[in-house]
Amino acid sequence: MEQMLLNGNTADYLMWGIFGLVTLASWIVQKSLQSKFEKYSKVPLPFTGKEVAERMLRENGIFDVEVVSVEGSLTDHYNPSTHKVNLSESVYSINSVAAAAVAAHECGHAVQHQKGYAPLRLRSALVPAVSFSSKFMPWILLIGMLLVNFSVIPLGVGIVLFAITTFFSLVTLPVEVDASRRAIAWLEKAGITDKETTPMAKSALHAAAYTYVVAALSSLATLLYYVLIFFRRK
Ligand SMILES: [Zn+2]
């Protein structure tokens with residue numbers, strides 16, 4: 001056992017330790033996000049998510065973006081190709097601090113698009129490469145793992161494809177943080193939230209940002225795992 005620990009298996013234990021920590025962090029972040037949104041969904045504001053979004057777009061000089069309602073929960077997103085801010089039903093027609101925070105955050109992406117915010121442009125440019133990678137990567141990695149002791153080429157290709165998705169999840173971080181920063185600044189300036197409710201909106205968006213941090217860390221850890229296998233082949 002001691003011999004095993006010393007003979008290169010330390011990297012395995014370290015790897016599983018990292019995976020364990022990332023899984024635990026992901027669980028904690030999800031729970032905290034859930035509880036914050038539940039809490040701030042109960043704090044009413046005079047405006048619905050739709051009203052907040054439309055006003056934020058208008059006051060930022062954006063008139064060619066439509067605010068629409070989409071099915072599902074946590075389906076809120078801004079689509080730059082269709083010029084639409086898509087809000088889930090629990091945000092679109094609801095007047096709460098949580099709904100206002102989400103609506104303003106999605107409009108933050110529309111503002112980034114309008115201003116040509118560089119990380120968003122980079123993220124959009126990566127989308128075709130990422131969808132290509134996601135389609136073939138699982139198979140190439142599987143084949144790569146099975147054949148690693150015969151040829152390293154399939155695993156090498158799989159690692160390159162995986163690295164593209166990891167890079168994408170890292171580029172997502174500044175885009176998300178900046179959208180939330182724009183959202184909070186505007187909510188406060190426009191008087192949608194006040195001294196009491198601004199910190200609540202901030203706290204809800206911070207909790208949401210951590211889910212992207214954990215996703216990026218998890219992607220990095222998995223990439224590291226494949227790289228380790230690549231270099232330890234026989
Ligand atoms: Zn976002």
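In this predicted model, helix α4 (residues 97-115) packs against helix α6 (residues 153-189) at an angle of about 115 degrees, and their axes lie 7 Å apart. Helices here are DSSP runs of H or I with at least four residues, strands are runs of E with at least two, and both are numbered from the N terminus. The axes are lines fitted to C-alpha atoms, for helices over the stretch in contact, with angles running from 0 to 180 degrees between N-to-C directions. The crossing of α4 and α6 is right-handed; that label applies if the near helix is turned clockwise from the far one by less than a right angle, and left-handed if anticlockwise.

On the α4 side, the residues that meet α6 include A100, A104, H105 and Q112, and among their counterparts in α6 are V175, D178, R182 and W186. Contact here means that the C-beta atoms of two residues, placed from the backbone, lie within 7 Å. Sorted by class, the contact of α4 with α6 has 9 nonpolar, 5 polar and 2 charged residues. For that count, Ala, Val, Leu, Ile, Met, Phe, Trp, Tyr, Cys and Pro are nonpolar, Asp, Glu, Lys and Arg are charged, and the others, Gly among them, are polar.

Helix α6 has other partners too. Helix α5 (residues 118-146) packs on α6 at an angle of about 145 degrees, with the axes 7 Å apart, and this crossing is left-handed. The contact of α5 with α6 splits into 22 nonpolar, 6 polar and 1 charged residues. With helix α7 (residues 198-231), the axis of α6 comes within 9 Å and crosses at roughly 170 degrees, which means that α6 is roughly antiparallel to α7. The contact of α6 with α7 holds 23 nonpolar, 9 polar and 3 charged residues.

Then there is the sheet. Its 3 strands form an open sheet in the order β1-β3-β2, with mixed pairing; two strands pair if DSSP finds at least two bridges between them. At the edges sit β1 (66-70) and β2 (77-79), each pairing on one side only. Neighbouring strands are turned by 30 degrees against each other on average, direction ignored. Strands β1 and β3 (residues 84-88) run parallel and are joined by 5 bridges, and S69 has L87 in β3 as its bridge partner. Helix α2 (residues 49-59) packs on the sheet, touching β1 and β3, and its direction makes about 160 degrees with that of β3. Helix α4 also packs on the sheet, touching β2 and β3, again at about 160 degrees to β3.

Taken as a whole, the chain has 7 helices and 3 strands, and its C-alpha trace spans about 65 × 35 × 30 Å along the principal axes. Its average pLDDT, the predictor's confidence in each residue from 0 to 100, is 93, and 96% of the residues score at least 70. Over residues 1-7, pLDDT stays under 50, and the model has 2 contacts for them beyond four places in sequence.

Residues are numbered from 1 along each chain as its sequence is written. As this is a predicted model, local features need pLDDT of at least 70 and side-chain atom pairs count only at pLDDT 80 or more, whereas totals for chains, interfaces and linings use all residues.

Key: Parallel < 35°, antiparallel > 145°, perpendicular 65-115°, else oblique.
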